[in-house]
Amino acid sequence: MNAPLTEKTCGFADSQSVAAKLAALSHPARIEILRHLSASRSCCCREVVDHLDLAQSTVSQHLKILVDAGLVRYEPDRQRSRYEVDSDALADVSASLAALVNSCCSGR
């Protein structure tokens, strides 16, 4: 039987979500991919590969991690899939991190 949703379990679920997004941001190549995607409306994997000078398989794996974390949206487009930053999801991570810093440092 599932436990009822309480503030405590919802808070933990939110913490897990934020932690997963922060983990996805923990690699320098993924930060660069987000920067490149942010500068464009959307990009295909090949455009990211050309910009970062990484192997296509490496970029594909990093994009998959960002998509799975909910930071990047994936749109199949004939032979070239398109990727774009989910600005709302990134803003939510920023707000969650700011709230954590504020709660931890409020006594200073």
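In the predicted model, Asp 50 counts as exposed, at 53% relative accessibility. Its side chain takes part in a salt bridge with Arg 46, in which the closest N and O atoms are 3.0 Å apart. Arg 46 is partly exposed, with a relative accessible area of 42%. Both residues lie in helix 3 (residues 45–52), where they are 4 residues apart, about one turn of the helix.

Glu 32 is partly exposed at 31% relative accessibility, whereas Arg 35 is exposed, its relative accessible area being 54%. Helix 2 spans residues 28–38 and also holds His 36. With a relative accessibility of 15%, His 36 falls in the buried class. Beyond its neighbours within four places in sequence, His 36 is in contact with Cys 43, Glu 47, Val 48 and His 51.

A further salt bridge is formed by the side chains of Arg 73 and Glu 84, at 3.1 Å from N to O. Arg 73 belongs to strand 2 (residues 72–75) and Glu 84 to strand 3, so the pair ties together parts of the chain that are 11 residues apart in sequence. Both side chains belong to partly exposed residues: the relative accessible area is 39% for Arg 73, and the relative accessibility is 23% for Glu 84. Through salt bridges that share partners, Arg 73, Glu 84 and Asp 86 are joined into one network.

Asp 86 is located in the loop between strand 3 (82–85) and helix 5 (87–105). A relative accessible area of 16% places Asp 86 below the 20% limit, and the residue is therefore classed as buried. When residues up to four places away in sequence are not counted, Asp 86 touches Gly 70, Leu 71, Val 72 and Arg 73.

For the chain overall, the count of salt bridges comes to 6. The chain contains 5 helices and 3 strands, which follow the pattern α-α-β-α-α-β-β-α along the sequence. Of its 108 residues, 26% count as buried. The accessible surface comes to about 7,500 Å², and carbon and sulfur atoms contribute 53% of this area. Among contacts between residues at least 6 apart in sequence, 50% join residues at least 24 apart.

Key: Residues are numbered from 1 along each chain as its sequence is written. This is a predicted model: local features need pLDDT of at least 70, side-chain atom pairs count only at pLDDT 80 or more; totals for chains, interfaces and linings use all residues. Side-chain values use heavy atoms; hydrogens and water are left out. Helices (H or I, at least four residues) and strands (E, at least two) are DSSP runs, numbered from the N terminus. Buried means under 20% relative accessible area, exposed over 50%, partly exposed in between (1.4 Å probe, protein chains only). Contact means heavy atoms within 4.5 Å. Accessible areas come from the Shrake-Rupley method with a 1.4 Å probe; for residues, only the protein chains shown count as cover. A salt bridge is a side-chain nitrogen of Lys or Arg within 4 Å of a carboxyl oxygen of Asp or Glu.
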